[in-house]
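Work through the two exercises below with the sequence and the model in view, and try each task before reading its solution.

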Amino acid sequence: MFIRIFLFHVLLESFVHYIARGFELTHSCFLQIFLLVCVKMVGFSTQPYGIQSMLKDGHRHMSGLDEAVLKNIDACKQLSTITRTSLGPNGMNKMVINHLDKLFVTNDAATIVNELEVQHPAAKLLVLAGKAQQEEIGDGANLTVSFAGELLQNAEELIRMGLHPSEIIIGYTKAINKTIEILEELVEEGSQTMNVRDKDDVISRMRSAVASKQFGQEDILCPLIAEACIQVCPKNPVNFNVDNVRVAKLVGGGLHDSVVVRGLVLKNDAVGTIKKVENAKVAVFVGGVDTTATETKGTVLIHNAEQLENYAKTEEAKVEELIKAVADSGAKVIVSGAAVGEMALHFCERYKLMVLKISSKFELRRFCRTTGAVALLKLSQPSADDLGYVDSVSVEEIGGARVTIVKNEQGGNSVSTLVLRGSTDSILDDLERAVDDGVNTYRAMCRDSRIVPGAAATEIELAKRLKEFSFKETGLDQYGIAKFAESFEMIPKTLAENAGLNAIEIISSLYAEHASGNTKVGIDLEEGVCKDASTVRIWDLHITKFFALKYAADAACTVLRVDQIIMAKPAGGPKPQQQGGMDED
């Protein structure tokens, strides 16, 4: 009724307008009036209503299964497809160029998802799950992202069959709880206790984590990583700090030239002419080794040349006094956190003091931790407690680069450095990621040393037992549990595909072996057959599997719980700048 009155009013208004101006109502006039009515109607019908009337212009709103749930699942599937081909020892590398034009060539999922700058809100949940795994354990980020994507892909099939997301979530929750129970039963007997200072035990647990990043190089890398970790392991292994194992990357040579140095390796030369000192005390000054300017402004009036000479001599005498005071304290090495003045360097040479300059405040802290020195704010005479100690400080040339090696065999086990050699920067970066994974695995085994069979043996056993468990359930959630079990097949399938093997044959062979009671049988990727994981010494840490599966299930359930996406209009203006002034760590 209201619309009719409105239309009549518009028509009447138009007729009065034309008659008042003395126009004859021709065919074209009627056409103009009709168009005017249409325009008014369009304006009337596009008035905002519902959620549009509540939010600002420029917002986006998606709801329902097709728009929200299935689109979210699709975005997560795309992300897991990227990471899945990098899973396992034969995983393919990805070439990622970030927004700063920096090139990354790696198969490390944590690096890939970090540098991709994922924008989709649902896919970001998977990225966060991968980051949580990387921070908690330091390995298994690929398993987390890929498994979560597989869970969501199977959930999509159930949704299209007619199941409600809530029923799938209940099924998945029951399945992950049962998975954790079964995982406890699969732990290798006797692995609960281990000596974290036994090199062979450490290598056997670390091997699979390093091999997944550098397949074929694990026999060279693992002993080096194990040696570096054991050197810095504290009395209570639970307090192991990964930052105490440093990596120095030097281009040239090959991986077999890599060595472990007990101490710190600085990638710069000594400032003066003294290049080697042994059994020396060390003084560290954060503010630099130079004359300090006064905080207040002053004017000096000089009348003749003699006064000018005396003024210059006074400055020299002051600098010499400060350097002599440092030398008298027993220090043979001065470390500066800022610039070293020409005059100060001259007197350091006179008093046979070696001078090092470390610009990075993070590196300076590590140096203090290595030597036991206390960093002083400005140049002054240090007390005996402020001085550190080193066995030797020497400048050596490795592969064309001059490096300063600070060794401290006697003074505790604070920092150890792994000097990596390789032909290119990208190879060295990838080797460093493998070392990081190995060191993080050592930290994890210090907390919980239990191990489970690797090479996809654990996943197939979990899939088999979960399927049996799903048959005992009577509700609709049994379909969710069955799909959760099916998702475990993704791991052996992906490992086989990445190695160029027939995935269907491998999975059926694994199921046959596990059905006959061989619960430790996994895939030997080198020979392309199924073998007992314990005979080929492929073990995974229980804690890595536990967190990876838990984070993946939590991320999948979080995505499934979303039924609406409401995005406000993006704010205008420039994007916030990245934090600067940081070193490479």
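**Exercise 1.** Determine how the lining of the second largest pocket divides by residue class, and which helix gives the most to this lining.

*Solution.* The lining has 19 nonpolar, ten polar and 15 charged residues, where Ala, Val, Leu, Ile, Met, Phe, Trp, Tyr, Cys and Pro count as nonpolar, Asp, Glu, Lys and Arg as charged, and the others, Gly among them, as polar. This is a predicted model, in which local features need pLDDT of at least 70 and side-chain atom pairs count only at pLDDT 80 or more, while totals for chains, interfaces and linings use all residues. Residues are numbered from 1 along each chain as its sequence is written, and side-chain values use heavy atoms, with hydrogens and water left out.

Next, the elements: α9 (199-211) is among those that each supply at least two lining residues, as are α14 (425-447) and β17 (539-541), and α9 gives the most, with five residues.

**Exercise 2.** Describe how helix α6 (residues 121-136) packs with helix α19 (residues 542-561).

*Solution.* Begin with the geometry: the two helices pack at an angle of about 160 degrees, with their axes 9 Å apart. Therefore α6 is roughly antiparallel to α19, a term for angles over 145 degrees. The crossing of α6 past α19 is right-handed.

Then turn to the residues in contact (heavy atoms within 4.5 Å): those of α6 include Leu125, Leu126 and Gln133, and those of α19 include Phe547, Tyr551 and Thr558. By class, this contact has ten nonpolar, three polar and one charged residues.

Key: Axes fitted to C-alpha atoms, helices over the stretch in contact; angles between N-to-C directions. Helix = DSSP H or I, 4+ residues; strand = E, 2+ residues; numbered from the N terminus. Parallel < 35°, antiparallel > 145°, perpendicular 65-115°, else oblique. Left-handed = near helix turned anticlockwise from the far one by under 90°.
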